[in-house]
Amino acid sequence: MSSVVVLQARTSSSRLPGKVLLPVCGLPLAVLAARRAANTGRKVIVATSAEASDDVLADALGQYEVPCYRGSLERVLDRMLAATEGMSDETVFIRLTADNVFPDGKLIDEVEGEFLTQGADYLRCNGMESGLPYGMSVEVTRLGHLREAARNSDKAADQEHVTPYVIRKYGSRSFKRYQHLNMGHYRCTVDNFDDYRNICRVFNGISDPVSVGCPDLIERLHDGVYQPSVSVPVADLVVGTAQLGMDYGIANRQGAPSQQNAEILLKTAIANGAAFIDTARAYGNSEAVIGRALAGGWQGRVPVITKLSPLSQCSPDTSTTEIQAQVNASLFQSCMSLGVSSLDVLMLHRASHLHKWQGALWQHLLQCREEGLIKALGASLQTPQELLVALKQPEIQYLQLPFNMLDTRWDEAISELTGVKEQRPLTVHVRSSLLQGLLVSRDRSHWQQAGVRQPETIWAWQDNLRKHSDSQNLADLCIRYVRSLSWVDGVVVGMESPQQLEENLRSFERPLLESTLLSEIDATRPLVGNETLDPTQWRKGES
């Protein structure tokens, strides 16, 4: 039975259109990818666009005698079908991408063999299920199924991503032969210059880059730049960035990190699977720091949550027109600073803005979401009362609230929150799990500023729990406690140094606390007042 490999070399959303020309071992990426895919004698075609920007690629492929087909930039599915015109519907169609040079003939043989053995209509080798690094994607289907997709769907997503229609109709199976490697959170693709440096490092010193096996290449990914240091992705870590834009936290002695160190922190967190980056217009120059750090191909690796300006300059009787202008200014300033055309998640920094100004602000944000400037809306909360109000807004998809292992204020509201989460999609992030650093401080003056005159009782309670939970330190205990709560989807944690980040990664890598220990914490926690739980009430500078 015949089969064909088609390497997709360009889409309209390509971050780096010319990246497939970057040299590795003296060969352009697309050429190396094609030769590795063909190293068991299989027919390989590189399908790129007819745009003038791809003329150089087509010339390079011709020089290396790699078959090339050129077609529509936007309609990738049509391009794939035109490249395989004349082949039978039963032809096994194998889709790769020309910027991923790890897949070789042996891997393709294995995936195709599994496809035929299972009698599948669609089989993929990618993602965490495969156990293989991101960038070793192989998709297998029948050419006839793709022709059916072209006849029955003209959706832009189906055209760009080629196989969604087939997956919807025929289902998806995964190739899991290498699941035991547990390396799905590693990267061997080329989306940015850091990726390219890694690929060059992997192939450095290899005399035959075409024939070297995938296992040898995968082994060389360890200890690469911005490769993960954890065994599993830290999918509930939300990177707090107030510290990146200003001095923040009662125990912060280092101040805001430099742009270079901030970039290292953010990229390392992303490489280890952080779920979100959290920032705000009010966090000094945090948005700009993030925008500069993620420029050059890192945008899109992780969603960024930002918060609307607090609009402190607006009075209760500010006009609707002025409110809309102030909102627009905040949104566009965020977009400019972050270097994006739309915001992944926009939160209200003040929950009162839901209804203030006769609801004009919130209605304007809903309109901005409809226009595509905002993808999702949320609210940053301070009190349980604000939570109950926000839960009544079905348009809110994200909530953030302060909570820690000493906090008893939210008990009643959490039951309402749990009920809403069962009814509709709602992501809940907890911030201040360390209470701005107070819970890990043994400086008596810090606790006295927070209204606790005799903190020894709390310290003894913490130390006992740390031992029982086998926590590495107090920060580990506090973070694991909040992570273990069923209603929490992510925990916002800030850090000022690579050492702090590594400590946090270790904590997020560790197992959740057992339910018996959670019950013990709830039953034995020392009681503290609102003046301790609310940092805005702390008496700054007193001892």
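This is a predicted model: local features need pLDDT of at least 70, side-chain atom pairs count only at pLDDT 80 or more; totals for chains, interfaces and linings use all residues.
**Stop 1: V6**

Start with strand β1, residues 3-8, and pick out V6 within that strand. V6 has 0% relative accessibility, so it counts as buried. To see what surrounds V6, leave out residues up to four places away in sequence and show I45, A47, M80, T84, F93, I94, R95 and L96, which V6 touches.

**Stop 2: the cavity**

Rolling a probe the size of a water molecule over the atoms shows where empty space is left. The structure holds one cavity of 30 Å³ or more, and the space in the largest cavity is about 30 Å³. Select V239, G240, T241, L244, L265, L266 and M495 to display its lining. The elements giving two or more residues to this lining are β10 (237-240) and α11 (259-271).

**Stop 3: D407**

Move to the loop between β15 (396-402) and α16 (411-423), where D407 is placed. Is D407 buried or exposed? Its relative accessible area is 1%, and buried means under 20%, so D407 is buried. Show side chains here. A polar contact of 2.8 Å links the side chain of D407 to that of R409, and another, of 3.3 Å, links the side chains of D407 and W410. Setting aside neighbours within four places in sequence, D407 is also in contact with P402, R525 and L533.

**Stop 4: helix α19**

Finish with helix α19, residues 474-483. How many of its 10 residues are buried? Nine are, so the helix is largely enclosed by the rest of the structure. To mark the buried residues of α19, select L474, D476, L477, C478, I479, R480, Y481, V482 and R483. An α-helix has 3.6 residues a turn, so residues three or four places apart point the same way.

Now bring back the surroundings. Among the elements covering the buried residues of α19 are the strands β16 (427-431) and β17 (490-494), together with the helices α18 (456-468), α20 (498-509) and α21 (515-524). Last, zoom in on the N-terminal end of α19, which N473 caps. A side-chain oxygen of N473 lies 3.2 Å from the backbone nitrogen of A475.

Technical notes: Residues are numbered from 1 along each chain as its sequence is written. Side-chain values use heavy atoms; hydrogens and water are left out. On a 1 Å grid over the protein atoms alone, a cavity is a set of points where a 1.4 Å probe fits but cannot get out, and a pocket is an open set with protein on both sides within 12 Å along at least five of seven lines; lining residues have an atom within 4 Å of a point. Grid points are joined across faces, edges and corners, and a volume is the space filled by probe spheres set on the points. Helices (H or I, at least four residues) and strands (E, at least two) are DSSP runs, numbered from the N terminus. Buried means under 20% relative accessible area, exposed over 50%, partly exposed in between (1.4 Å probe, protein chains only). Contact means heavy atoms within 4.5 Å. A polar contact is a pair of N or O atoms within 3.5 Å; within protein, one must be able to donate a hydrogen and the other to accept it, and residues adjacent in sequence count only if both atoms are side-chain atoms.
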